[in-house]
Every structure is written in C-alpha cells, then in structure tokens.
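My entries follow the structure.

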Amino acid sequence: MIRHADYLIIGSSHAALAALHTLRMHDSEGAVTMVTRDASLPYSPTVLPYVVSGRSQPERVFLRDDAYFRAQKVDYLSGIEVERVAADRNVVRLANGDEIGYKALLVATGAQPVVPPIPGLGGVRYHVLRTLDDAVALRAAAAGARRAVVLGAGLIGMHAAENLAHAGADVAIVERLPHVLPGYFDADAAAMIGRAFAAGGVRLFTGREALSIAPGESGEPGCSVVLDGGETLPCDLLVVGVGVAPVTGLLQGSGVAVDRGVLVDDSMRSSVANIFAAGDVAQARGFYDGVKTLNGILPDAVEQGRIAGMAMAGDPGIKPYPGGVPLNTYTFFGQHAVSVGTHGEGIPGAETFTTVDASAARYLKIVLRDDRLLGIFGINAAFDPGVMWELILRRVDLAPVRERFLDAPQDAARVLMSRTWR
Amino acid sequence: MTGAYSTIAFDAARCDGCNACMVSCAQAKAGSDEVADSRIQIVAGDGAFELAMCRQCGDPRCEANCPAAALVKNEDSGVVDWDGSKCVDCLLCTVGCAYGGIVRNARAGHVVKCDLCDGDPACVKACAPGALRYVTTARIYNEVGQLEDLFVPGLSGCQGCNTELIMRHALRRIGPDTVLATPPGCIPGMGSVGYNGLTGTKVPVFHPLLTNTASMLAGIKRRYNRLGREVNAVALAGDGGASDVGFQSLSGAAERGEQILFICVDNEGYMNTGMQRSSCTPYGAWTSTTPVGEHGRGKTQDAKNLPVLMMMHNCAYVATASTAFMEDLYAKLDRAIAASKRGFAYLHIYSPCTTGWRFPSQDNITVARMAVETNFVLLWEFDPEAGLQLTHPVDAPRPVRDYLEAQGKYRHLSPEQVAHIEAGIDRQAAFIARLAQAGGAPPARPSFA
Ligand SMILES: Cc1cc2nc3c(=O)[nH]c(=O)nc-3n(C[C@H](O)[C@H](O)[C@H](O)COP(=O)(O)OP(=O)(O)OC[C@H]3O[C@@H](n4cnc5c(N)ncnc54)[C@H](O)[C@@H]3O)c2cc1C
C-alpha cells in the first residue's frame, strides 16, 4: 500500500516540530505525515543529559502528545526509519518496504554521533548520547561506574562528565583541542569552566589524543584508553562525544546536493525544488561570512524549521533566513555560561573587550566591529541572549550607547530593544 | 483556536521611574524588596523609561526552544506557563526571547517570568502614575465571539468602515429576540435590510422612513407588550436620520418613555448618499453641501449636541461611546439594553467615516481614539438617578490640531477656524463638567443661566 501526504516530514525533533507548527498556521487542511525513527513521542536530544542525571524522568520529557497530533490532523508514524528518498518519483521508502508519496518533503533527520577511528574502539563497549534509549542506558551504567573516561570536551562530553562525577565516578575527559568547549568559548572562559570541573574532581586532558583503546582484563568489564603521552586511563565506562555528523544517508542517489549536510538556500530549500531540510542536517548560510555551514544547535533548528514550514506551505509572510549565528547556553556545576555570536577571529576591525573576575568566577567578553555587535560571551554574567542575538541580526548601531553597552550590556540592550522592536 | 487575552500595557510617557512596580513584583513573587527580583524591569533610557518583561507571545519562541516541555502557552489564560518540575535550567528559553522576558534569577536558582499574577497583576496596582494598565478588553471579544452573529456575511461597507463592527457587535449582545429598524443611511445601505426578498439579518428588520423610525418602533413594541412577549425594539440609525428629519419622532418617543433602544451611529453627515452635511456635522468640516472653494470654507455652523438634547428628555439612559473604547462601549450597551426594558434608552456612538472624512482606511480606530483624546468628543453616560458622569475623563487633552490634521475634511481650515474649534472644545468640556457636577435628573424646565 502506498500512502500519500501533501507534506511529509522526516524526523520529530525541534526542526520538524517547528516546521509543522508554521505550516499548519498557513495550511490547516493539507495532509501531513511525520515519520520518525524514534519509537516514542517527540523529545529533544538536549534534554538527555538531564535524563542521565535523573533530573528529568524519561516519561516527562515529551514535547508533544497524541492529542496534539490529532488536533493538528497529523499522521504521526513513530519507530519507523526512512531508508531512501526517491526524488524522481516523489516517494520515500521505509525500512519495512512501504512507500510514502509526498508533494513537499522536509528532511529534519538531525545528526548522529561520530565514532572516531581509534584502534580498538570497535572491540569494547562504549556509550554515546543522542537518543532517549542512549540516555536510559547511560544512566543505568553510570550508577555502577567507578572510573569513567569521556572522549571529547564538547557540550555532550562535558555534560556526560559532570553527570558521571555527580554519580560518584572518577572521571577523566580527553580532548584533542587545547581547551574545552571549542567553538563557543575562548581560552580564558574555557579555563574558568575547566577549573570548575577540576574542583568537581574531573581530570582534564586537553590537547591530548586517544591513540588506542585496549580491552579490559578478560572477564572484567571496561577498557583502557591509551593517550598520546603514554598514559593509560583504565575505566569501566567509556563515553564517546567527539562530535556529530548530519544524517544524510537516506538521500544517497536522490540528486539532493549534500556537502557535509544538505545544502539549502535561505528558505531551506535543497537543490531539489520540493525537498527542504532544516536543523542539524542542513547546511545553511552563515550570518557573518555567508558561507554555508553546519550550525548544530537547538535555537537554529527551531529557526530553520519555522522557515521551512512556511516555505513548504507557500506562506507569503515568510522572511528569508537571516543566516546562522552560533549560540549556546551551558550550565555546569551550578554556574552559567552563555555564548552568542562570533569571537571575531579573521574578521578585520573586530574589537574585543574582556573583563575577567576570576575570584567571582565572572567573565564577560564583548566583540564589536564598527560599533555593531558581533558577539557576547559570559560566565555568570547577566545579559539577555535573545536580545543580543537580535541586535546582531539587525546590525544595530551601538555608537550612541557604546560606553553604556560595554559597561552594562543588559540594560543598554534592553533600552535598544524597547525602542527598536517592542 | 484560542481567543484574545488580557495583557499588561505600558505607557512610557506616564512612567516616572519610581520603581514601585518592580518592588511590588519582587515582594509578590520573591518575597524580597530587591528590584533585581522583579519580573517586570523598567530601564532608564536617556530621558525616558523602557520596559523589559514577558509579552506572553502568541507564538512563543521560549516554548519552541525548551527541550524539556517546561514552557507551555496556556490556551485559557494566555500566559506562557513555566513548570518548575520539568525545567532543567538550560537557559535556552532566554536565547529565544527577544524581549528580556524570561531571565535567570539568582535567588530563585532558575528562570523566572511574568505570569500576570493570575489576572490581578501586582505591578499594575502599584503604578500610581497609571503607566501600567491591565487591559481586559479581550474578554469582551471572547464573550461576544461566542454569541451568534445576527447579520449575514458580506455586508458591503466602505473599506475601513467601523459601522459594521458596531452593528454586528451590538446585535450579538442584544440578542435574537429583537425587532430592528434601520432607517435610510449607511446601515441599510450596506445590505442589512437585504436583497431579493431576503433580509440581511437573522432577526425581523424593517426599513422605516427617516421621519418615523422611533414612532414605528414604539408601535411595534407596544403591540408586543400587549401580546405579553418580551422583545427588544432597536433602531440602528445614522445621525442624519436621528438629528434632522427624524428628530420629531425621536423626541416624541423619548418624551413618552417608550421602551426602545435607539442607537445613533454618528458619522457626522449623510455619508451614503454623497456626504451631505447634517446638523451633527462639525463646524468647519468639508461636505458636498458645505464645499470648500473660492468662498466656501466648510460648514459655518456648530454641530448640534444631540446626546445632550436626548439627556434633557430625562430618558432612562443616555450615553456617548466610541469604537476606540470598546470596554466602555460594551458597558454602556449593557446598561442601555437594561434601561430599554424600563423606558427610552439612547446610545450615541461616534463613528469616523473613512470615505467622507477623508483619511486612510486603516486609521479608523486611530481617528476615533484621537477624537476622545483631544476632547473633541466626550464619553459620558446619564441616568436620572446618577445624572451625567464622564466615563473617560481626559485631564490633559492632546492638541485638537492632531485630530484635525488626520482628516482631509479639515485640510482647508484657517487659523481663525481652528481657534473657533478650540474654543468650542473648551466650552463643551466646561459645560459637560458643570452637568456632571450638578448630578441627578435635569430640572423639568431647565435653565443653565
Ligand atoms: C546530549 C546533547 C546535548 C545538547 N545540548 C544542547 C544545548 O545545550 N544547546 C543547543 O543549542 N543544542 C544542544 N544540543 C543539540 C540539539 O539537540 C540539536 O541541535 C537539535 O536537537 C537539532 O534538532 P533537529 O530537529 O535538527 O534534529 P534532531 O534533534 O537530531 O532530531 C532528528 C530527528 O530525526 C529522526 N530521524 C533521523 N533519521 C531518520 C530516518 N532515517 N528516518 C526517520 N526518522 C529519522 C530522529 O529520530 C529525530 O526525531 C545537544 C544535543 C545533544 C545530543
């Protein structure tokens, strides 16, 4: 049997849900099908660290319920993987062999963990964190872990390490780059975050490479991670969080242009006119340099999903994608780090203003060019990231309030907000 | 789908930066006196005060950004509710909010946001200068939206005309047990009496002459009274039909205390027949019969103050209203309906005419609001016991020039004419204020020497 949908959405996470929301605002009747390989109702990968820590109960993290899909007249097909997109026939093939036809297709398949080619890794048991099942498994394993090693000091690895430390394990993090959370924070901020981890009993091996993984003594669970300096880190729990890659396999042979992710224009349209992509799977224009890039963060998945939904439904109110801005918020050991925008590397004329108060664990960095905001970064510093994002996108001239902005960015930005777009 | 919601409105011009709102919010929500704990934040800009607080967005981005389903727009209250048992303190909501409306609070240890204090906001109560208002107008639209629309779809008013709004809302509220009279004017002109043998309403409607509206309605109402059936006898008339040739029958019905609700939609002229002057057309206004040219400078006489004349009949209820103040209009409509069961009720609604007054069609409500804000028209109500009371006193009226300049029909005014209008506004305000002070019913033989 072949089904047909006016709108077919692959994926059920932030990008997919945002697209469904906006397309339904414009077209309340068109037939919508959402297919996801998640076996459950929709949830966010971002909540998973809190499932691991026990703060969130797995049955309370769902972003929508059945009643929502009924009310929106959406066929929600869960636990079903899309294997192939046949763009020439406007159908997708499911793992069970069924096909679904579509008029417009959204690929919101997100990303999945990269498994690095470290010799020995294939022979040992390790954990990744992308799905609810991963989280439940890691939580169970963490309960009994005494020694844990985390490969990768990105957000996922750092969250995992903190959770394992709280669970009582002796934790080590191995990161190839010179500092933690590369891309979002500079060396000063990363050092501050690193200190909190060290104080929490986590050992950091930054600028270090895991050369190989040796299996544990026979009969023993666990393994040993061999570092480039020669040390060996024995552990009974190994977490791999070295990065993610867009899920594009289903597009092979479809004619949809894929670089690292699905290449999309400013309305999230791929190289095939009725196929769209949004979220972690999409490679869209960067705000600062105009180069198409991956921006694997939740707020951008929402932004891109909203645009894709409007484009698919033909909503004339659509505004083109303003370009991706790196953004993040990060809570660690009760402290709060926020990063909005670029540090300005390679941007001529960028001016940087940094205040570090190590004793109060407070850090604030503002990057301007021509009195326009390029980026703002804080640890335990008060400002509204959403307002700053908007100031960046609108290229608001800060010259008239420059001193106040550098001195008290939250108040100055709120005044500008209230005057400009309230 | 959901309806409209109540909301907190901020008028920066009235804010004096006293911080009372922030202190009262901090006390109510955090048990502290620190303004930092307030969920409403007033920030000093240069010379003015600005606001950061949750807008309870219709399509909230904080909710879309929440990975833990901790933020949900409440369809009943309109508030974006925060569920502390689900929040994971990730702060992604603060990335989504472009208004500084959801912010991490150190004392609480999590994000906090305005929840409108369950419909009784502490900040609004604390705001002495009136910069913060809790606007509950939405309630009316939701309530009236539930009531049956008693006009057919597709009335053909001019673009931007608000008379359709008045007609549909009024009849929804008055209800189906109604006989409606629509004398010649815009209201039947846009299709309410109907076409091809079908009426444009779902209630009995008739099209009297301009001259006999009130007397015909009086007869119908008396007949129904005799039959023992309770029916609302309602007129939806224009100012021409009410103040000029229709005035004799109107005055007679009012004097006899007929149980009628007479609604006059005052657009200051005979607009549907080509914009001729009526006795309600203001001084100086251009109409097709008070032209502007080599000699003509618009109307040379002042407008008749019809609602005051009706009040002098000592009716059961008389009020003036404006579509820019719907809560006020609705309260008066309710009282007028109730009064029409006892005696004569008269409601005079000022209704700008996009076509005849010559302003852009999207500005109707703006012009209506300016008429009130400049004291060009006054909103008041009267009943024999309480006398006349202003329902929306304007202490510091805007310059009337703002109002005049918004309309093409005053474009030709000379400074002398503007001065005449200004003097008239002051006289009217003083006169109504004296009536308000006097209170009670007008004397049987009034003298205001
Ligand atoms: C542990 C962790 C922590 C994170 N923390 C943060 C953070 O703090 N801040 C931040 O901004 N971002 C964070 N992220 C990233 C954020 O979760 C993602 O950017 C966001 O979820 C992307 O949404 P998406 O809809 O594009 O894709 P995803 O959330 O990856 O969802 C993809 C969807 O597609 C489905 N799918 C995939 N392939 C198929 C297929 N072939 N057939 C059917 N269905 C398929 C999946 O089941 C899933 O429903 C974190 C991610 C992780 C894993």
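I took helices (H or I, at least four residues) and strands (E, at least two) as DSSP runs, numbered from the N terminus. The model is predicted, so I note its conventions: local features need pLDDT of at least 70, side-chain atom pairs count only at pLDDT 80 or more, and totals for chains, interfaces and linings use all residues. Residues are numbered from 1 along each chain as its sequence is written, chains are lettered from A and ligands numbered from 1 in the order in which they are written, and side-chain values use heavy atoms, without hydrogens and water.

Entry, ligand. I found the ligand between chains A and B. I counted a residue as near if one of its heavy atoms lies within 4 Å. The ligand is surrounded by 35 residues, the closest being Ser13(A), Asp38(A), Thr46(A), Arg130(A) and Asp280(A). By class, I listed 18 nonpolar, 12 polar and five charged residues in this shell. Nonpolar here means Ala, Val, Leu, Ile, Met, Phe, Trp, Tyr, Cys and Pro, charged means Asp, Glu, Lys and Arg, and polar means the others, Gly among them.

I looked up N or O atoms around the ligand. The side chain of Ser13(A) places an N or O atom 2.6 Å from a ligand oxygen. A ligand nitrogen is 2.9 Å from a backbone N or O atom of Val82(A), and a nitrogen of the ligand is 2.9 Å from a side-chain N or O atom of Asn328(A). Elements of chain A that give two or more residues to the shell are α1 (14-26), α5 (155-166), α7 (298-313) and β20 (327-332). Of the elements, α7(A) gives the most, three residues.

Entry, second largest pocket. A pocket is an open set of points on a 1 Å grid over the protein atoms alone, where a 1.4 Å probe fits, with protein on both sides within 12 Å along at least five of seven lines; lining residues have an atom within 4 Å of a point. I noted 32 lining residues, with His21(A), Tyr68(A), Gln72(A), Glu63(B) and Glu75(B) nearest the centre. α1(A) supplies the largest share of this lining, six residues. The lining divides into 17 nonpolar, six polar and nine charged residues.

How values were computed: Polar contact = N/O pair within 3.5 Å; in protein donor to acceptor, adjacent residues only side chain to side chain.
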